[in-house]
Amino acid sequence: MIRSKFATSVHILSLLVGFPEQWLSSEFIASSLNSNAALVRKELSALREAGLVESKEGKNGGNRLAKPPSQIKMSDIFALVKNDHVFGFSPNEPNPKCPVGARIKGALDGLFTEIDDAILLKLKPVTLEEFVRQYF
């Protein structure tokens, strides 16, 4: 889930970078994502709450970046969409009577935290502007 939300948010923000003077509608953004406007509006809402996007209602309304892409870190976008570990736990609770089942969740939690921290560290120096230069 985190992976797709991150990709969706980066796609939306990248599109806004490409049209800095325009107010882009959720329908236009959805067409780029090949998705539906309701999903885009949900993601835009989270990006707006984080101060990355500003929106204007009305006939000539839409969405655009709230700050320059040079001031948006990829790690900020990741942290915004991350509400759990990148890797998830099994949906079944391990058997607490098993020597592995009793301890594996704690060990995995520590490993998953290290992985999450490594991702944030990798993304921290990269701005949205630098990332978008690869393809725009």
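## Core and helix packing in a predicted model

Leaving aside neighbours within four places in sequence, Ile29 is in contact with Ile12, Leu15, Leu16, Leu24, Val40, Leu44 and Asn63. The structure described here is a predicted model. Ile29 also belongs to the largest nonpolar core, which has 26 residues. Together with Phe6, Leu13, Ile77 and Leu128, Ile29 is among the residues with the most contacts inside this core. Helices H1, H2, H3, H4 and H6 each supply at least two residues of the core. The greatest contribution comes from H1, which gives seven residues.

Two packed helices are described by the angle between their axes and the distance between the axes. Helix H4 (residues 74–81) packs with helix H5 (residues 104–123) at an angle of about 145°, and their axes are 7 Å apart. The crossing of H4 and H5 is right-handed. On the H4 side, the contact is made by Met74, Ser75, Phe78 and Ala79, and on the H5 side by Asp116, Ile119, Leu120 and Leu123. By class, six residues of this contact are nonpolar, one is polar and one is charged.

Asp116 lies in helix H5. Asp116 counts as buried because its relative accessible area is 4%, and buried means under 20%. Not counting residues up to four places away in sequence, Asp116 touches Phe78, Lys82, Asp84, His85 and Val86.

Definitions and conventions
Residues are numbered from 1 along each chain as its sequence is written. This is a predicted model: local features need pLDDT of at least 70, side-chain atom pairs count only at pLDDT 80 or more; totals for chains, interfaces and linings use all residues. Side-chain values use heavy atoms; hydrogens and water are left out. Axes are lines fitted to C-alpha atoms, for helices over the stretch in contact, and angles run from 0 to 180 degrees between N-to-C directions. Helices (H or I, at least four residues) and strands (E, at least two) are DSSP runs, numbered from the N terminus. A crossing is left-handed if the near helix is turned anticlockwise from the far one by less than a right angle, and right-handed if clockwise. Contact means heavy atoms within 4.5 Å. Ala, Val, Leu, Ile, Met, Phe, Trp, Tyr, Cys and Pro count as nonpolar, Asp, Glu, Lys and Arg as charged, and the others, Gly among them, as polar. A nonpolar core is a set of buried Ala, Val, Leu, Ile, Met, Phe, Trp, Tyr and Cys residues joined through side-chain atoms within 4.5 Å. Buried means under 20% relative accessible area, exposed over 50%, partly exposed in between (1.4 Å probe, protein chains only).
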